[in-house]
Amino acid sequence: MKLASAVLLLLLCGCAAHPIHPGTANAFDSGAYDTLSVTDSVIQSTKADLAAGKFPTSIAGNVKSALNALIAAYDTADLAYCGVPVAGTGTGSLQCTASSYHGAAMAGTATATQQATLTASLNQVNAATSQLSAAKAGN
């Protein structure tokens, strides 16, 4: 539960104190990347915990439902951020589609609409993360 609270705090703070990640266009792009990276870690660890039976049966169903909602929110945000990744120029590399927020931001052509869409999607991720934390706590 403490880990979930720490992750939620990290997601909500937007990582303002952290430098901009290499390969991101600006602070917003970097923050979105952080949110998606941390959320993926939460999803993977929760899946592993469910598979290992680490939750009491009285809350496991609620955790699974909340996890599925988080996965759906994550998928929507990831699609807005990166689109469907395409093969990059390096061996084994993937690149975001040019029409995605990240692709457009890197080209200097991201629009306010793209940023608003991604912001709304990231807000849904944050809300779903809060719901997962509550489910893990038995609420």
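## Briefing: a helical chain with a core and a pocket

Residues 24 or more positions apart make up 60% of the contacts (heavy atoms within 4.5 Å) in the protein chain with a separation of 6 or more. Bear in mind that this is a predicted model, where local features need pLDDT of at least 70, side-chain atom pairs count only at pLDDT 80 or more, and totals for chains, interfaces and linings use all residues. Numbering starts from 1 along each chain as its sequence is written, and side-chain values use heavy atoms, with hydrogens and water left out.

**Overall layout**

- There are 5 helices and 2 strands in the protein chain, taken as DSSP runs (helices are H or I, at least four residues; strands are E, at least two) and numbered from the N terminus.
- Walk along the sequence and you get α-α-α-β-β-α-α.
- Of the 139 residues in the protein chain, 35% are buried (under 20% relative accessible area, with exposed over 50% and partly exposed in between; 1.4 Å probe, protein chains only).
- The protein chain's accessible surface is about 7,700 Å², with 60% of it belonging to carbon and sulfur atoms (Shrake-Rupley method, 1.4 Å probe).

**The core**

- Leaving aside residues up to four places away in sequence, Tyr 81 touches a list of residues including Tyr 33, Leu 36, Tyr 101 and Leu 118.

**The second largest pocket**

- This pocket has a volume of about 210 Å³, the space filled by probe spheres set on grid points joined across faces, edges and corners.
- A pocket here is an open set of points on a 1 Å grid over the protein atoms alone, with protein on both sides within 12 Å along at least five of seven lines; lining residues have an atom within 4 Å of a point.
- Its lining has 13 residues, with Tyr 33, Leu 36, Ser 37, Tyr 81 and Cys 96 nearest its centre.
- α2 gives the most to that lining, with 4 residues, while α2 and α3 each supply at least two.

**Thr 111**

- Thr 111 sits in the loop between α4 and α5 and is partly exposed, at 39% relative accessible area.
- Its C-alpha atom is 8.1 Å from that of Tyr 101, 10 residues apart along the chain.

Note on methods. 1 Å grid on protein atoms, 1.4 Å probe; cavity = no way out; pocket = protein on both sides within 12 Å on 5 of 7 lines; lining within 4 Å.
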